[in-house]
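I opened the model to look at its strands, helices and loops. My entries follow the display.

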Amino acid sequence: MPEGYALTWEGLFSRMEQPAFIVQDGHIIYHNGAAGKLLCGVKPILKECLLPEALEAYRAFDGAGSLLLNMRLGGSELDFTVYRENGVDIFLAASGNSDESYHILERTAQAIRRAAHDIYDAQNVQLPDLKLYDDPAVRKSVSRINKNVCRLERLAGNLADYSGLRANQRQGRFEKVELARHFRDLCQRMQDMFREVEICFHCEDKTMMGQIDVPLMERAVLNLMTNALRTMEPGGVLKLELVRLKRNRAAFQIQDDGAGIEPLSMSSVMYAAKQPLSPLEDPRLGVGLGLSLCMEIARLHGGTLVLQSAPGQGTSALLSFSLSLPDMAKENVLRFSGGGLDPFLVEISELLPASHFFDI
């Protein structure tokens with residue numbers, strides 16, 4: 001233990017229920033009891049616990065702000081927030097959810113989706129019969145209700161897919177896609193919707209092909225882009241870059257120039273239970289499931305999610321994936337269905353004005 005830490009970090013870590021440890025020069029030099037149970041008495045070299053892109057991000061970390069990355073310890077995968085203090089790196093694990101909670105999330109998703117469709121059917125089947133759509137007040141009310149239906153659909157989708165992926169009850173349907181063209185088009189759709197900021201796409205390898213689950217990967221990228229837009233001011237720049245990595249891998253890099261994330265908040269951004277309440281009237285906040293879902297989608301694609309942020313310096317998100325995953329039979333895939341609504345509109349519904357939703 002470095003001098004000066006024995007009475008601070010050691011005393012603090014020993015009281016924590018979640019795993020925590022200290023790294024110096026790539027080696028774990030201290031861990032608490034919770035981490036010890038995972039390590040089973042072995043102190044591995046850090047590079048053995050990280051996927052290559054997470055290791056590269058950690059090595060490039062300059063200590064400004066904080067990192068959030070996924071680690072494999074003793075057969076378990078945990079998300080850790082990394083802080084740098086006096087030449088050593090502090091790794092703190094965020095608390096996950098129990099297996100039982102996945103089933104609760106699944107049932108909650110089903111209930112939310114039923115409620116959303118009841119609301120949607122009530123107004124879009126009954127109101128046209130009443131011929132009230134010419135009334136501006138009714139049009140405004142219908143637009144607002146439709147928007148909230150889309151938001152409920154998004155919440156239900158995140159709950160269902162996250163719980164299914166986490167419990168290994170969802171499979172991927174991987175298909176070969178011309179990645180640069182596909183996600184350049186997606187980026188252009190975003191620019192058409194959010195003209196108050198500049199949204200840029202860049203890919204050096206314009207012919208890059210990859211085996212991905214297209215709907216799930218689109219959701220992950222849109223999740224990361226909408227998270228970025230929540231923190232940005234008009235005139236800001238949001239960059240989406242697709243880069244080829246070693247070992248037949250690739251990654252999406254999403255960089256914003258928004259407010260950034262406070263270091264003490266980084267460990268809670270992945271977990272809904274630790275998020276502040278987010279009423280439907282406040283579009284700036286999510287419910288804490290988007291990033292968790294992005295991590296599960298990255299895992300499904302053989303990759304990981306790494307976040308780096310500092311207050312006032314924006315946030316960078318890297319979502320990596322393998323370019324060579326096997327095809328999966330369509331009949332083996334279980335996935336949330338958006339009920340006939342445009343998945344793109346559902347995914348960005350938190351940030352759009354209600355006027356976009358009158359005729360959906």
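Entry 1. I started at a residue pair: Phe252 stands opposite Leu319 in β12. Before going on I noted the basis: this is a predicted model, where local features need pLDDT of at least 70, side-chain atom pairs count only at pLDDT 80 or more, and totals for chains, interfaces and linings use all residues. Residues are numbered from 1 along each chain as its sequence is written, and side-chain values use heavy atoms, with hydrogens and water left out.

Entry 2. I followed strand β10, residues 249-255. Strands here are DSSP E runs of at least two residues and helices are H or I runs of at least four, numbered from the N terminus. Five of the seven residues in β10 are buried (under 20% relative accessible area; exposed is over 50%, partly exposed in between; 1.4 Å probe, protein chains only). β10 is joined to β12 (residues 315-322) by seven bridges, antiparallel. Strands count as paired if DSSP finds at least two bridges between them. β9 (residues 237-245) also pairs with β10 in the antiparallel sense, over seven bridges. There, Val243 has Ala251 of β10 as its bridge partner. Three residues lie between the strands of this hairpin, and Arg247 takes a positive phi near 60°.

Entry 3. In α6, Leu179, Ala180, Phe183, Leu186, Cys187, Met190 and Gln191 are buried. They sit on the same side of α6, because they cover an arc of only 145° around the axis, taken from the directions from the helix axis to the C-beta atoms.

Entry 4. I checked the loops for positive phi. Most residues other than glycine have a negative phi. Asp25 has a positive phi of about 55°, and its place is the loop between β1 (20-24) and β2 (27-31). Is Asp25 buried or exposed? Asp25 counts as exposed, because its relative accessibility is 72%. Asn86 has phi near 50°, in the loop between β4 (76-85) and β5 (88-93). Asn86 is exposed too, at 69%.
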